[in-house]
Amino acid sequence: MPLPGRAARVLELTALERPGPGHVREVARWADPRATAFFFRSRPAAAWLPLLQEHAPHLLRPDPAAGGRWPAAGFLEHLAVAAPATAGAWLAEHALTVAAGGPAALVALVDLAAGDAALMGPALVRTVLDEHAAAGTGAGTGVGEGAVLVRSRVLRLAAEWACAVPLAGRDRDWILVAERLLLAAVDAEHEAAGRLRAAEAGARAAAARPAAGRRPLFDGDPAHWSAAVRADIARMPQDLAGRLLQALVAAAHPGGPAAAPHRSVRMIRAVAASLLVRDVELTAPAVRRSVFHEDLDRICPGAPGVFGGPMLARAVLDLANADAAAGVGLDERTAQWHKAAAADGWLADRIWAAHLAAGVPTRCLHDDPHDDLHEAPAGAHEAPAAAPRPEPEVVRWHELAYGLMPRLLAGPPHPEPARLAAAVWRSCTSRATAALDAAAAPLLGPPPAAGDVAAVWGEDVAPAAWLRVWDWSPVLPARLRTAFAPLLEGMRRLTPAGPPDPRTAARPLPAPAPTDPDGTGLLELAAGQGPPAAARALATARDAGAEDHAYIVSRLVAADPAAWTADVPAVLDALEAPVLRAFYLVAVQEAADQIGALPGRNLVHLHTPEPEPGPGPAPAQSLEHFAQAALFGLLAAAWTRPAGPTGLGALLPAALDRLRALAEPLAHPAAPIAATPPADRPAPASRPGSRPSAARPPAPQSAVRALECLLNCALTAAIRPGAPLPGDVWDFLGDILTAGATAPAVAALFGARLMPLRICAPDFTARHHAALTTLNGGPTPAAAWLDTGRADPQLLASLDRTAVLHSLRPGAGGPAEHLAHALTEDPHLLGDPADVLARIAAGPGGPDAASWLLQVMAWRLQPHRADLYSRTFRFTRPPARPATAGELTAVTTVWRAALTADLPPGALAGAGYFADLALDDLTWLPLARAAAEHTTPHDPATAAWRACAHPTDRDALLLTAALVAQPAGLWEARDVLRPARALLQAAQAVPDHPHTDAVTRLREALIDAGEVDAARTASG
């Protein structure tokens, strides 16, 4: 019997408060598993559980053949609220059997426990995890994504359960479960980081190799990226791991500091320390100081952006502080810290410093009080009064702190060591003072004389010990600072604000203004005496020409572009050093588009030959690179000036000759060309089935940039009337096109300008029509334009129709967007749209390619999609305005044609996105219904919600029924059910509904999907 016909009987059975064995046998005889699942979701009474266990226990168990599907989970979830004792007793006896039934059953079981921590005790949860959640992240290349998802879900739900267990219930088994979960979190975090590094390393290696087409979204081996994604999925969320850590710390003293600690408190301390050691061992020594750089006092477990290692260190400190508040001795509460010291002594010292600084004894070991600012007068302590002996804990604190101080002073002043050092020097005895000073002396070094300090500043190099004194000086006692007064005074002249207090987190300092060697601000010098004076001062610096000066030159020019470009030859002469001149030209090029920059005809002075490499710290290759970058950039700025190329005057022929000389390898190659395109111009994508090009030596990057500059110059001159270029420029461009039209770099440059060439240079385009418009599966200008060029329907229509249609690939931009743009402008531009779609579906891209075209047509008319898919599409249509009536009419025309084209299944899935468009409902509803009956659409929930507003429309009811009956996937099915239920309720509330057959079909579809409420409504 179909499920809709059995629904009423199912509801009758679930309503029984006292069922009998006969009722159980009736349910057991049902052959349709959907009916059984419907029965359990209908929330039967608790009296069914013992009867089912006695007469039909198989109904309560999961189905291993179906991946562990467990229909009875909904029943147990209902009993967890209605009869928790009954549900708990059954789970205590059968939970292990359920967990062994399959992945889905394991997830459902742990989900039950997470929903109510009292259902399953810690011992049972521990056994389930030990037997069915194997160690390791399971995110390796040999493990499927499904297994990773299952294990990740189980561990996260188990962590939720552990956090929900009350303090009184956190016994030894609970501690072991928490340890297992946190250990898995640590391992998963490091495996995810390692696999991401491997994928990025592969991507960098792939990016370094020349590519013949548009790069994929992720470079490198797809298997590495897949493994990285799986490993990231397996990670436990940081906030959940932080909550679990806090729960573990809280379990140590469940009754507060005044009550007895947990009977396994030592075990908790060992677990916390072992987790930290595990994380440290998995962290590469080279990056540990970067990972643990944050002030431990400022770390909050579970906060966003906090690594697992610092979070574990903070948990170790929190546990020790809780022990201290409860009166536990220092040695007892830190007994496990030797493990951290063995793993990383630097981190262990910081943890010790943080803990000791947080618990400075209120009564210190003062046999005579010592204060740096108020020294006691001589003889004041000749007859000290008898004082009580200090407590053992106070003595132990000082022993540990004094022993730690020499190691702390040997390193940089992190906040924790700095706070402890300040506390120790405040609280130490006079005898200890001498000992500490003696221990600090070899670390700080001998105090330098004033002459030594001045000599070192002249060399601009300071010993490391001097810098350590400067960094530690805010917490050093006054007697030690006095000995280093000349050093500190000299450092303060360079940094008037003084060193930052290391006891607080360091704050970024503002970048100082560029200065010359004498300390006079170059900005002020340029403002007062002019840029040439500042340039001369910079050129006389000791390290003139160092690449660090590129930043200074860039700042100077950016501060006043008009002044620094008013007399370019004078500045070039003042700079003298070739590398400084190259830096200056690059800075001027960057500022060329600023208001007031390069006034008048001053631009012509910039196109002198680049300076020859001379002696200096910058290599000749770097100098040539900077000079050429400035040349190309400044020429590009010249082309965009109102006068265009003619604004260069007499310098134009020399500039063109220079560009032709650089681009010569492209016009007359000694071997076939395979040049790398410019960084901002991706090469055209290679089509599947294309002919592989022969291995060819790459052309110089300067040749490619020179060709780009020549093309821009030629097009600019063609656009401006009265500013023609010499004819040999176009002839030279034709030679390059003839020689290397199939080279990726040449194809990319010409393809990006194919539309303006067609419009502004028709004679050139006509002479080279074949080279510009050929589509042969390899890199050509036309293929490059399809990938990256601006939309031009006329240009698209001039290309080979079959080649264009067969170039479409699902998920790729370029051809799809050009076709979408053309069909939206004129559905019949390429012929009958039904024939166009049929050819696409029959081509290499298959039905998915036709679906992709419909999807792109919808997305182009939705401005918010441009940001989401900016890496796939260029979206040449203006993104701000809504779709016009003409565009919507064109979309409707193409949609109707697709429905009549007899396309294969799957070809109309992309039409689901038309639900987002402002189509009239009277038009959209019948088309959407016909498309959904042909192919399950993408984004079905949007269509369902839109149809939900029409409870009396037959097409809306049948469309929703089709969406419910043919879900695209699990999540899509769940998203559709809510609007479908709302539509059914609204339709059933309409008196004398005109389309009762459509209402019945929707109701039956919902019942088949397991919706109990649909059956209840019908049965009253």
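The side chains of arginine 758 and aspartate 792 meet in a salt bridge, with an N to O distance of 2.9 Å. Arginine 758 lies in helix H37 (residues 754-760) and aspartate 792 in the loop between helix H40 (781-788) and helix H41 (793-798), so the pair ties together parts that are 34 residues apart in sequence. The model is a predicted one. It holds 31 salt bridges and 10 cavities of 30 Å³ or more.

**Arginine 758 and aspartate 792**

- Arginine 758 is partly exposed, at a relative accessible area of 26%.
- Aspartate 792 has a relative accessibility of 6% and counts as buried, because the limit for buried is under 20%.

- Arginine 126 and aspartate 173 form a salt bridge through their side chains, at 2.8 Å from N to O.
- This pair links distant parts of the chain, 47 residues apart: arginine 126 is in helix H8 (residues 122-132) and aspartate 173 in helix H10 (residues 172-208).
- Arginine 126 is partly exposed, with 29% relative accessibility, whereas aspartate 173 counts as buried at 19%.
- Arginine 243 and glutamate 160 also meet in a side-chain salt bridge, with 3.1 Å between N and O.
- Because arginine 243 belongs to helix H12 (residues 238-251) and glutamate 160 to helix H9 (residues 145-164), the pair ties together parts that are 83 residues apart in sequence.
- Arginine 243 is partly exposed at 35% relative accessibility, and glutamate 160 is partly exposed with a relative accessible area of 32%.
- As a general point, side chains of opposite charge can pair when their charged atoms come close.

**A salt-bridge network**

- Asp295, Asp297, Arg314, Asp318 and Arg419 are joined in a network of salt bridges.

**The largest cavity**

- The volume of the largest cavity is about 100 Å³.
- Its lining is made up of Leu182, Ala185, Val186, Glu189, Arg235, Met236, Gln238, Ala241, Leu245, Gly308, Met311 and Leu312.
- By class, eight of the lining residues are nonpolar, two are polar and two are charged.
- H10, H12 and helix H15 (308-325) each contribute at least two residues to this lining.
- H10 gives the most to the lining, with four residues.

**Threonine 773**

- Threonine 773 is located in helix H39 (residues 769-773).
- The residue is buried, with a relative accessible area of 13%; this follows because buried means under 20%.
- Its side chain reaches the backbone oxygen of histidine 769 at a distance of 2.6 Å.
- Beyond its neighbours within four places in sequence, threonine 773 is in contact with Ala782 and Leu799.

Conventions: Residues numbered from 1 in each chain as written. Predicted model: local features only at pLDDT ≥ 70, side-chain atom pairs only at ≥ 80, totals over all residues. Heavy atoms only, no water. Buried < 20%, exposed > 50% of the residue type's maximum accessible area, 1.4 Å probe, protein only. Polar contact = N/O pair within 3.5 Å; in protein donor to acceptor, adjacent residues only side chain to side chain. Contact = heavy atoms within 4.5 Å. Salt bridge = Lys/Arg side-chain N within 4 Å of Asp/Glu carboxyl O. 1 Å grid on protein atoms, 1.4 Å probe; cavity = no way out; pocket = protein on both sides within 12 Å on 5 of 7 lines; lining within 4 Å. Points joined across faces, edges and corners; volume = space filled by probe spheres on them. Nonpolar A, V, L, I, M, F, W, Y, C, P; charged D, E, K, R; others polar.
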